[in-house]
Amino acid sequence: MAKVTNRKRTMVKGLVDIHINNSKNSGVDLVLGHGYFIGPRLIQVDLRDGGRRQLLGRNVVIGTGARATLDKIPGLKEAKPLTHIEALELDAVPAHLLVLGGGYIGLEFAQAMRRLGSRVSILDRNSSLLHREDPDASSGLETLFRDEGIEPILNAQIEKVAGLSGESVEIIYMQGGEKKAVQGTHLMVAMGRTPNTEGLGLELAGVELTNRGFIKVNERLETTAEGVWANGEVAGSPQFTHIAFDDFRILRENLNGGNRVTTGQLVPFSMFTDPELARVSLSEIEAKAKGISYRLFKIPMASVLRARTLSEMRGFMKALVGEDDRILGFTVFGVDGGEIMSAVQIAMIGGLPYTAVRDAILTHPTLMEGLIVLFSSAPVSVESRSSDASQQAAQAAVD
């Protein structure tokens, strides 16, 4: 574990050094310290090495990100739980890791720690892992985790936490009307994200927050204060690094007189479990909720010859196709799922019909070749909506 952590530290330091050098080489004045508004577009910085500095900007960008949420569960704060930050600094494998939360971060860390040798239990208040995803995706992940010896404890309403993470910790929870307990050596929280807006003096700058505590922005990432912008997680953007990077591109163009917006994006994600779960645009749950017509194409990963040669046949891939033959959404639970999903996303960006992918000549044997198999199969189901509103929603989903 110490070797894993040292590799992480070395890699992160190298990336930080690259960003610092890029800043210096581009002429940026990099000021390290705690900054906060003391007036409109006026920032005061308590410098890291002592002293203060004031900065007045024609434009100010707030990119303070978010942190792991600590719910108001009795004893949780006192237990000093790990977040993803501290979990990446461990020098020894936890004997028994308890993970609060069955979302992306919790699941990635749960599997990683299990494979490093830890016993792992995941507690989630919902009836399934990744409860917002389609049932086949969440059940596939749950089966994977159980096969690897990870214990999902679902429908668990946490009542209190006792002990100290790193030594001994106990979680008391209600499940099906019965009070239960689970003990472990370490506790990790992965129950959502809280925006970093405290102590920034936003009220002095005229910057308003949403009812969820994120900075209020329009589609151009402008806040309610003239000349003040926000990007990334603190602005309520989807919580992925690639979205934060796209927010930067939107800001860069708009600060240079352009008019780029956040609306109409195809938002992809990859959860880096093994195998990966990746999706772009609509899931079946979302399509049904919006009344969007679709045909469902679905195959098991075992139908992909490259998956067989890799002996990685767990999972599936599926696509939702509209009445105009364009792809409305794609999900894959399988080896290198993020790479496969990205290929479909490019086809969606280009507005290609699924038949263009089906009829393509792709290299054999590759995982992308599985897309030919997918789109050559017969639809396994058809969800039909006849209203004009549903057709408009379908068009909006791909536009």
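Me: Pro 365 lies in the loop between helix H10 (354–358) and helix H11 (370–376). What makes those stretches helices?

Reply: They're DSSP runs of H or I with at least four residues, while strands are E runs of at least two, all numbered from the N terminus. One heads-up: this is a predicted model, where local features need pLDDT of at least 70, side-chain atom pairs need 80 or more, and totals for chains, interfaces and linings use all residues. Numbering starts from 1 along each chain as its sequence is written, and side-chain values use heavy atoms, leaving out hydrogens and water.

Me: Which kind of peptide bond joins His 364 and Pro 365?

Reply: A cis one, with omega about -10°. The bond from Asp 274 to Pro 275 is cis too, with omega near 5°. You'll find Pro 275 in the loop between strand S15 (268–271) and strand S16 (276–281).

Me: Why are H3 and H4 called roughly parallel?

Reply: Their axes, lines fitted to C-alpha atoms over the stretch in contact, cross at an angle on a scale from 0 to 180 degrees between N-to-C directions. For H3 (residues 104–115) and H4 (residues 135–147) the angle is roughly 25°, and the axes come within 11 Å. Under 35 degrees counts as roughly parallel, so that's what H3 and H4 are.

Me: How do you know which residues of H3 and H4 meet?

Reply: Contact means heavy atoms within 4.5 Å. Leu 107, Ala 110 and Gln 111 in H3 meet Leu 141, Leu 144 and Phe 145 in H4. By class, that's five nonpolar, one polar and no charged residues.

Me: What makes a residue part of the lining of the second largest pocket?

Reply: Having an atom within 4 Å of a pocket point; a pocket is an open set of points on a 1 Å grid where a 1.4 Å probe fits, with protein on both sides within 12 Å along at least five of seven lines. Here 15 residues line it, and Val 4, Lys 8, Met 11, Leu 88 and Phe 109 lie nearest its centre. Helix H1 (2–25) and H3 each give two or more residues, and H1 gives the most, with seven.

Key. Angles under 35 degrees count as roughly parallel, over 145 as roughly antiparallel, 65 to 115 as roughly perpendicular and the rest as oblique. Ala, Val, Leu, Ile, Met, Phe, Trp, Tyr, Cys and Pro count as nonpolar, Asp, Glu, Lys and Arg as charged, and the others, Gly among them, as polar.
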